[in-house]
Structures are given as structure tokens and as C-alpha cells.
Amino acid sequence: MNGLLAGLAILVIGDSHMVTNGYLITTLHDDLLAQGAKVDTYGMCGANAGDWVYPTTVQCGRAERIGKAGAEIDRKPNVPTYQIDALLAKTHPNLVVIEMGDTMAGYGQKALPQAWIYQQVHALTSRIAAKNIACVWVGPPWGSEGTSFHKTFERVKEMSEFLSTAVAPCKFIDSTQFSKPGEWPTIDGQHLTASGYRAWGADIARSLDHVVPQLAQKP
Amino acid sequence: MSRWANGISRLLIGLAALAAVGCAHGDTASAAEGRLYPSGPPNGVAYLRFVNLTPHEVTITSSAAKIAIPAEPGQRVREFDPVPPGVELTGSAQFGEASKPIDVKLAANEFATAAVVNDGADGIAVMVFRETPSDFNALKSSLGLFNADKACTDAQLVAGENHQPVITDVASGKIGRRQVNPVNADLAVMCGSSGPAVQAKLGQLNAGDRYSIFVVAGVSGADIVAQRDEQAPLRP
């Protein structure tokens, strides 16, 4: 680690990979804290990028973790969505880290819903860009095939390639580069085991350490 | 989006949804078992927009609603509305006593533009342009050349004083598309390689945005309608 994250205010948002203790809300958050960043993490289970822009509800819970405090997890159904504009105003970040992909990749569908994904992504990134805040988008990990989530390695690769061209002005971190397909076991095809979330969190933090010098940050 | 527009969008989607429910039971029930939440739009999504390329206001009507599309610049091209794929979307376009049916069924991820054009016989016709684009890129601009002029057999989009080709040989009723860098380009449309160049004013192109340039039959040669595309969000 080169210490470039020290002193940064980082807002981390994501999907269900952020809504359970031991997932990224624990591992990535802790890794960034350990590098001296001020970190706030918010997760919404099942949320698409547009759900952070257009108010709605999520069905399987949301969670938040502010600084060094523990995660507060709300599993009630129909819980209102966090809104990106409000989070930016509340946390004043220099950097926003977005972890999202599994909820939008159309697993089980014949074709990647490119137009819909692009619109979702653009809706979120444009709100962040409008405030001149640097951002990084973290794509999905490989997961496992043959489960009820219908996640396939081929679709994860396709989704990651698509996100790499769709998330600008955010920089893209390709999580498929961190492991081989199937190397990180899952509990359900999509969500990793504890060791997987430790590895994923550490790899994202290491990547941020390299990406941050390339970003124009708001002072 | 105007209240009328919202009305017809909901109407088309509403009519289609009844049919879609029937399809969904057969196609996706097994896929939904054991899943905490859907990944992507549950039944897929397609997009439909209406465009008025006539010199006068036209109306689009379904059994429950009617919208007017003015002929003024900036109001001719409506936004793409999300619609369910695999479902017949019906309506009609009217000008005065003339009426032409609209009947489209789209595949998932397909975009359709129902363009109302001037027709010599009774003053109105509908041309439906269909494409399934795969050039979404936040660093580039996407230009679509829609040839709605029957007399223009091979439309060309050119740039600069030397008429550098950008999109070439687009037959009437077809679309040509190309990604370009987001610049302030001096764009024009020609029919054939030696016809007069008619300016297509788009100004500074934005990275990540998509643009439509329509070639329309004018009084003395082709006219141009050019505008940035808008896409309504798909909400539950």
C-alpha cells in the first residue's frame, strides 16, 4: 500500500455484497479504514444503479456503516432506498466507490440488457460527476455457475467488459481479474464465503491504491 | 414527459402487460424459483418512441389515450419509452381525416422509432425504424442516421468542409449508426455522393450521449431533423 488513501473521505455504495456482516461492508470498509481513510459504506440488497437516483424501496434489506462504528442492518421488506444526492451531501466524499453489477447483468436472460444497464449506470454516475467527485466502479466477481441465480462465467465476463466502457467518468475495477472462475466459492452462486469477501475486499483496496493517483479529486 | 405522453406510454405498456403476464408464467417461472431478486429487468425491456417528421401537428391514438406531437423544432422527437418485449403494441397516427395504423412487436433490447412522415397519397404514413444497438459507450457519442426520405436512396452523413464520410449508404427506411468522438463537428447530410449537403445541427456532442439525424423529404430536396436522444427510465 502506498498510503494515498490516507485522509480521503470515501463513500462506498453497493448491492447485497454490502448488506451482511462479513461481506464487503466489513472487509473492504476495514481495509480502507486501516489505510487511514474516512469511510462510510451503504448497501442495498437487490438494488440497481437507478435505485440510488430514483426513490423506491428494496425488498431484502439495506445496511450502513459510518466510520469506525459497526454496521447497522435493516432487513425489513419495502425499506426506502438511499439516495445518492443525499449521501453526497451528508458524507462530503473525495471519492465514491460503487460496487454493482450482479443485480443488473440479466442472469438467466438470453442477452445482456445493455440499453437498460447503460441508462441505470449513467443515471448514477452523472449525479456524482455533476458534483465533480471522483469515482470508481467495481464490477462483479465470477461467482458460481449452476445455481438459482443463473449466474454464468460468460455473462460475468460480458458484463464486466460492458461496464468497462459504460461507467466513465468513473474508473473501472474489474473484479474478474482478482481470481480464476470458480476460485472463490459461493454460498448461493452469487454471495461469497467469508474468505472470498476477505480476498475481494483486500483486492479492491489494493486496486484503489493504484487507481486513486489517476483520479482528479475534489479538494 | 407531458401528462398526455405519460398517458399513452402507460396505455401501451398496460395493454402489453396483460399479454406479458401470460407469457411470463411459461418462460420465467422456473428461473424465478429460489431467487432473492431479479437481475436486470425481470421480463426484459424494449424501447419505443414516436417522431413527427411532417410539417404539421399529428396525433397518436390508442383505444384509451391520444397525444399530439407538434411539428416545431425540439418537439418533434419524443423520448424512448420502455415497453415490454414480445407484445403487440397497437395504435394509429392521424392527420386530419387520414389515419395510419401502428402495430409493432419488439424483441428484448430492441429500439423502435415510429416516424410519422408526409405521404403524397393522403398526407400521412408511418415508417418504423428498428435496431438493437450494442454501442453504448460513456466515452463516445453515437450518431444514428435515419433515412425517412423515399427519394433519398443512399443517405450519407458527412463532416467538415471536405465532406468526410461519417455514415454512408443508408437506404430509405434504414438506419446507419456510428460511434464518434465527442466533438463539435460540422455535420451535414447528402443524398448520394454528389448531391447538395444539408446541415445537421447538433452542436457540441456529449460523451455517452446518443443522437438521431432524420432525413426527411422536403419541398426542394431533403430536410434534416437532428436531436439528442432521450430515454425514459424503467420504473416498477
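Author: Two strands are said to pair here if DSSP finds at least two bridges between them. The model is predicted. By that criterion, chain B holds an open sheet of four strands in the order β4-β1-β7-β8, with mixed pairing. The edges are taken by β4 (81-83) and β8 of chain B, each with a single partner strand, so one side of each has no neighbour in the sheet. On average, neighbouring strands of this sheet are turned by 25° against each other, direction ignored. Strands of a sheet pair through backbone hydrogen bonds, either parallel or antiparallel.

Going through the order from the β4 end, the pairings are as follows. Strand β1 of chain B covers residues 46-52 and is joined to β4(B) by three bridges, the two strands running antiparallel. In this pairing B:Leu48 stands opposite B:Asp81 of β4(B). With β7(B), β1(B) pairs in the parallel sense, over six bridges. There, B:Phe50 has B:Ala114 of β7(B) opposite. The last pairing is antiparallel again: seven bridges join β7(B) to β8(B). B:Val116 stands opposite B:Val126 of β8(B).

How many residues of β7(B) are buried? Seven of its seven residues are, so β7(B) is largely enclosed by the rest of the structure. A residue is called buried here if 20 or more other C-beta atoms lie within 10 Å of its own. In a regular strand the side chains alternate between the two faces of the sheet. For β7(B), one set consists of B:Phe111, B:Thr113, B:Ala115 and B:Val117, which point one way. B:Ala112, B:Ala114 and B:Val116 point the other way, and the residues of both sets are buried.

Chain B consists of domain 1 (1-132) and domain 2 (138-229). On the side of domain 1 of chain B that touches domain 2 of chain B, the elements giving two or more residues are β7 (111-117) and β8 (125-131) of chain B. That side divides into eight nonpolar residues, two polar and two charged. In the contact as a whole, 12 residues of domain 1 of chain B meet 11 residues of domain 2 of chain B.

Further along chain B comes strand β9, residues 141-147. Six of its seven residues are buried, so β9(B) too is largely enclosed by the rest of the structure. One of its partners is strand β12 (residues 175-180) of chain B, paired in the antiparallel sense over six bridges. In that pairing B:Phe146 stands opposite B:Ile175 of β12(B). With strand β15 (residues 210-218) of chain B, β9(B) pairs in the parallel sense, also over six bridges. Here B:Asn147 is opposite B:Val215 of β15(B).

Chain B also touches chain A. The contact takes 27 residues from chain B and 30 residues from chain A. On the chain B side, they divide into 15 nonpolar, nine polar and three charged.

As for chain A itself, five helices and nine strands make it up as counted by element. From the N terminus on, they run β-α-β-β-β-β-β-α-β-α-β-α-β-α. The C-alpha atoms of chain A fill a box of roughly 45 × 35 × 35 Å, taken along the principal axes. A compact globule of 219 residues would have a radius of gyration near 17 Å, and the 16 Å of chain A agrees with this. Of those 219 residues, 52% count as buried. Among the contacts in chain A with a separation of 6 or more, 74% are between residues 24 or more positions apart.

A:Gly143 is found in the loop between β8 (134-138) and α4 (153-166) of chain A. A:Gly143 has 26 other C-beta atoms within 10 Å and is buried. Leaving aside neighbours within four places in sequence, A:Gly143 is in contact with A:Lys151, A:Val156, A:Thr186, A:Gly189 and A:Gln190. A:Trp184 is 41 residues from A:Gly143 in sequence, yet the two are 7.0 Å apart in space, C-alpha to C-alpha.

Methods: Residues are numbered from 1 along each chain as its sequence is written. Chains are lettered from A and ligands numbered from 1 in the order in which they are written. This is a predicted model: local features need pLDDT of at least 70, side-chain atom pairs count only at pLDDT 80 or more; totals for chains, interfaces and linings use all residues. Two residues are in contact if their C-beta atoms, placed from the backbone, lie within 7 Å. Ala, Val, Leu, Ile, Met, Phe, Trp, Tyr, Cys and Pro count as nonpolar, Asp, Glu, Lys and Arg as charged, and the others, Gly among them, as polar. Domain bounds come from an automatic or database domain assignment. Axes are lines fitted to C-alpha atoms, for helices over the stretch in contact, and angles run from 0 to 180 degrees between N-to-C directions. The radius of gyration is taken over C-alpha atoms; the globule rule is 2.2 Å times the number of residues to the power 0.38. A residue is buried if 20 or more other C-beta atoms lie within 10 Å of its own, exposed if 12 or fewer, and partly exposed in between; C-beta atoms are placed from the backbone.
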